[in-house]
Amino acid sequence: MASTTLITNIEGLVGLHPTDAVLRGQQLASLPMLHKAYLLIENHEIAEVGSMETIDRNRFSGSHQIDATGKFVLPGWCDSHTHLVFAASREEEFVDKIKGRSYEEIAAKGGGILNSARKVAEASEEVLFAAAYSRLQQISKSGTTTVEIKSGYGLSVEAELKMLRVIKKLKERSSLQIKATFLGAHTYPPPFKNDHAAYIKLITDEMLPVIATEKLADFIDVFCEKGFFSPEETEQICLAGRAHGLPAKIHGNQLHLSNGVQTAVKLNAVSVDHLETMDEAAIACLAQSDTIGTLLPNAAFFLRMTDPPARALIESGAAIALATDYNPGSAPSGNMNFVVSQACIRMRMLPEEAINAATINGACALQLQDRCGSIRPGKRADLVITQPISSLAYLPYAFGSSCIEQVLVGGDPII
Ligand code: NIG
Ligand code: FE
């Protein structure tokens, strides 16, 4: 591919935000779009955008051209929450859930996270890498160009480091932008069930120093939840992470009013993710903070839970992002198009709000807003080109069918 590419006749160039700031409250519905536009890519970055009415075609005679007549061009999806390094799927638990067993019951009997941890412990770095790499290829075809990946199915020094080294290798080998999150505090492994202090010591004294030395993570995460990690334990672990330069991204308020939101805000976490179980105090607390609430509608859908209160969060002025939570237990799908559709259909987000939450706000939830998440000269040319569609709202409306024709990662086509 030539290092200069010109996309012409774009029906709608979407996401031309004037700043890289996170969008909160009413701002979330503002999705600046230029009709009949062109976009120039140079050296893997967005170089210039403008109207077809003023284009000087002579300037671009030597460049590779893509005709986007009738098509929309958007920033690639920024999926800010996944667990896509895992060794095996868990459809047997899916069937158990159909029969009526709850996620918590399955977890209490050694299923759930512990089931995945046993399989990761047995898998080699090479096997984990190959499986995760093919998942990255699959999600990039559905428009994801930036992705966060968590550890958390290791739960021992050796296996957590193995997962993080796999993520490091994915960063090196994949063209997607990847951020790594250390989630050693996903659940207590059986030997430490009754000795929480000893497992926390393993995290703070054995795992974190190696992670910091080898630069294996960008963030630290804790599953702050009844039966998992208490707010006090979450705080202790995140403060140790911060001492090693890792900002927090927390799993909170998924199954119970776990004070996850309040804990995340107290820790000045970059994001607090899930939020299926919220009350007014948690909503108000988040709204008054800089912490982004990341909603994971695929997990709520798959576990048949109440959806996060997206409208109440937006109306209270909170900043929210959307992500897949791609993992074998609660969300076995990395498809951001389905997330955006679900956000509109089930959580009553407007298409503009959902697209912003899945792009610029997702980028902010990864502290990557200077590189991706919107259409601005200087950002990486991570772009989704739709098929010819009647309007932007058609994208979430036509749930389950792919409206994406082409994805460019750093200006290079992947499909
Ligand atoms: O984000 N809630 C905690 N962790 C994952 C699920 C992990 C699993 O079931 O394997 C989540 O939903
Ligand atoms: Fe998760």
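Student: Leaving aside its neighbours within four places in sequence, which residues is methionine 349 in contact with?

Tutor: This is a predicted model, in which local features need pLDDT of at least 70 and side-chain atom pairs count only at pLDDT 80 or more, while totals for chains, interfaces and linings use all residues; side-chain values use heavy atoms, without hydrogens and water. Residues are numbered from 1 along each chain as its sequence is written, whereas chains are lettered from A and ligands numbered from 1 in the order in which they are written. Contact means heavy atoms within 4.5 Å. On that basis, methionine 349 is in contact with Leu28, Ala310, Arg311, Ile314, Ile320, Leu322, Ala343, Cys344, Ala354 and Ala357.

Student: How many residues does the largest nonpolar core have?

Tutor: A nonpolar core is a set of buried Ala, Val, Leu, Ile, Met, Phe, Trp, Tyr and Cys residues joined through side-chain atoms within 4.5 Å. Buried means under 20% relative accessible area, with exposed over 50% and partly exposed in between (1.4 Å probe, protein chains only). Leu322 and Met349 have the most contacts inside the largest core, and its number of residues is 103.

Student: From which domains does this core draw at least three residues each?

Tutor: Domain bounds come from an automatic or database domain assignment. The core of 103 residues draws at least three from each of domain 1 (4–75 + 375–413) and domain 2 (78–364).

Student: Which residues are the protein donors of the iron ion (ligand 2)?

Tutor: Donors are N, O and S atoms within 2.8 Å of the metal (3.2 Å for Na, K and Ca), and sites may look incomplete because water is not among the atoms. Here the protein donors lie 2.1 to 2.3 Å from the iron ion, and they are His81 (NE2), His83 (NE2), His251 (NE2) and Asp325 (OD).

Student: How many residues apart are histidine 251 and aspartate 325?

Tutor: Helices (H or I, at least four residues) and strands (E, at least two) are DSSP runs, numbered from the N terminus. Histidine 251 lies in strand β10 (residues 249–252), and aspartate 325 in the loop between β13 (320–322) and α12 (336–347). Both residues are buried. The pair links distant parts of the chain, and the separation is 74 residues.

Student: How far apart are the end C-alpha atoms of helix α5 (residues 157–173)?

Tutor: The expected span of a helix is 1.5 Å times one less than its number of residues. Helix α5 has 17 residues, so its calculated span agrees with the distance between its end C-alpha atoms, 24 Å.
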